[in-house]
Amino acid sequence: MAITSSPQEIITLLNEDITREHETIVQYLQHAYAIGEGAIACAIEEIAREEMWHLEWLSERVVGLGGDPTLERGGITIEKQATAMLRDDIAQEEKAIAQYRRHIEAIGDEGTKKMLERILADEESHRDQFESMVKELEAAEGAAIEQTASPATQPIIGPLNADIRDEYTAILQYLHQSFIAADPETSNELEHRAIEEMKHLGWLSERVAELGGEPHIERGEIDRSVAIPEMLRANIRAEQQAQAQYSRHIEEIADPEVKSLLSRINLQEAYHEYQFKEMLEEAEKSETPAPAAPSPTGLTVGSLLGREQE
């Protein structure tokens, strides 16, 4: 394979890696939620968190090279048996290992190669961990992850999956913004909001799995604004829409535990809206030009052009 140091060609390869990391994260989370409680589910979630770090490092590298991190992902597989899920996860790691090895060989940029070598070591460790998990479960081969959604729980699962969709969309939107935001403080705050939305997605997905359903981790439309004030306005709208939907679902759902969960999330979304409004106020202040010194006639550029309206 030819070696490339072209930023655009490297960006293309890194976006392929981001796509694979993204689908890996979602697949592992789905498997952890389906398996439920226990050491294996916790171990899978920990591996998913490490894949999230990979996605962040890759995205930041793409931005550093002048590119735009992709938000796309491939398909995922959900089996009924825990061992079958884990074997799919081993296969996913094998594909990632092969892809990273190809990209390490193809990329001439030393810093990018070192980062990919660091990620490759993690992927090889993840493969080994999944193989150990399979061995642990071999004695219980054939145990199925039962989907036992009853007619009583179906009306709850549908709204929860709608909420999962919005949370997943918010995660991707806030993460993407954190990667491209020029201001480090804003970037950090956006990443924190994404992490909090990840918690919501986890709580909702676990509840769907407990009710015998399958969490549908699919995204809606993502705002791709570049200017920080526009990002924040889009986020405020997203939080307001989320609160309206949670409020409807709280009214519609009779299950007291689900109502309590949605109420907790809704209060956190209200606080996110408040935080984004504070950030927007600061961003607008920083964009406001200082008043010009008055001219001898008392006119300024601002008075001649008029104040720009929103």
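The model is a predicted one, so local features need pLDDT of at least 70 and side-chain atom pairs count only at pLDDT 80 or more, while totals for chains, interfaces and linings use all residues. Residues are numbered from 1 along each chain as its sequence is written, and side-chain values use heavy atoms, with hydrogens and water left out.

Of the 310 residues, 46% come out as buried, where buried means under 20% relative accessible area, exposed over 50%, and partly exposed in between (1.4 Å probe, protein chains only). The fold has nine helices and zero strands, with helices (H or I, at least four residues) and strands (E, at least two) taken as DSSP runs numbered from the N terminus. For contacts (heavy atoms within 4.5 Å), those between residues 24 or more positions apart make up 82% of the ones with a separation of 6 or more.

Helix α5 runs for 27 residues and spans 40 Å from its first C-alpha to its last, close to the expected 39 Å, the expected span being 1.5 Å times one less than the number of residues. Since 20 of its 27 residues are buried, α5 is largely enclosed by the rest of the structure.

Next comes the nonpolar core, meaning a set of buried Ala, Val, Leu, Ile, Met, Phe, Trp, Tyr and Cys residues joined through side-chain atoms within 4.5 Å. The largest one holds 70 residues, and I44, L58, L116, F130, L160, L204 and L262 touch the most other members. At least two residues of this core come from each of α1 (7–35), α2 (39–64), α3 (82–106), α4 (110–137), α5 (154–180), α6 (184–210), α7 (228–252) and α8 (256–287). Neighbours within four places in sequence aside, L262 contacts L160, D163, L204, Y246, H249, I250 and I253.

Three aromatic pairs turn up across the whole structure. Rings of Phe, Tyr and Trp (its six-membered ring) pair if their centres lie within 6.5 Å, and planes under 30 degrees apart count as stacked, over 60 as edge-to-face and the rest as tilted. Y28 and F130 are edge-to-face, because their centres sit 5.0 Å apart with planes at 65°. With Y28 in α1 and F130 in α4, this pair ties together parts that are 102 residues apart in sequence. Y28 is buried at 0% relative accessibility, and F130 is buried at 0% too. Y174 and F276 are likewise edge-to-face, with centres 5.2 Å apart and planes at 65°; Y174 lies in α5 and F276 in α8, 102 residues apart.

As for charges, a salt bridge is a side-chain nitrogen of Lys or Arg within 4 Å of a carboxyl oxygen of Asp or Glu, and the count is 20. R207 and E257 meet at 3.2 Å, N to O, so a residue of α6 is tied to one of α8, 50 residues apart in sequence. E284 and R233 bring their closest N and O atoms to 2.8 Å, linking α8 to α7 across 51 residues. In that pair, E284 is partly exposed at 28% relative accessibility, whereas R233 is buried at 18%. K277 bridges to E273 at 2.9 Å; both lie in α8, four residues apart, about one turn of the helix. E94, R127 and D128 are linked in a salt-bridge network.
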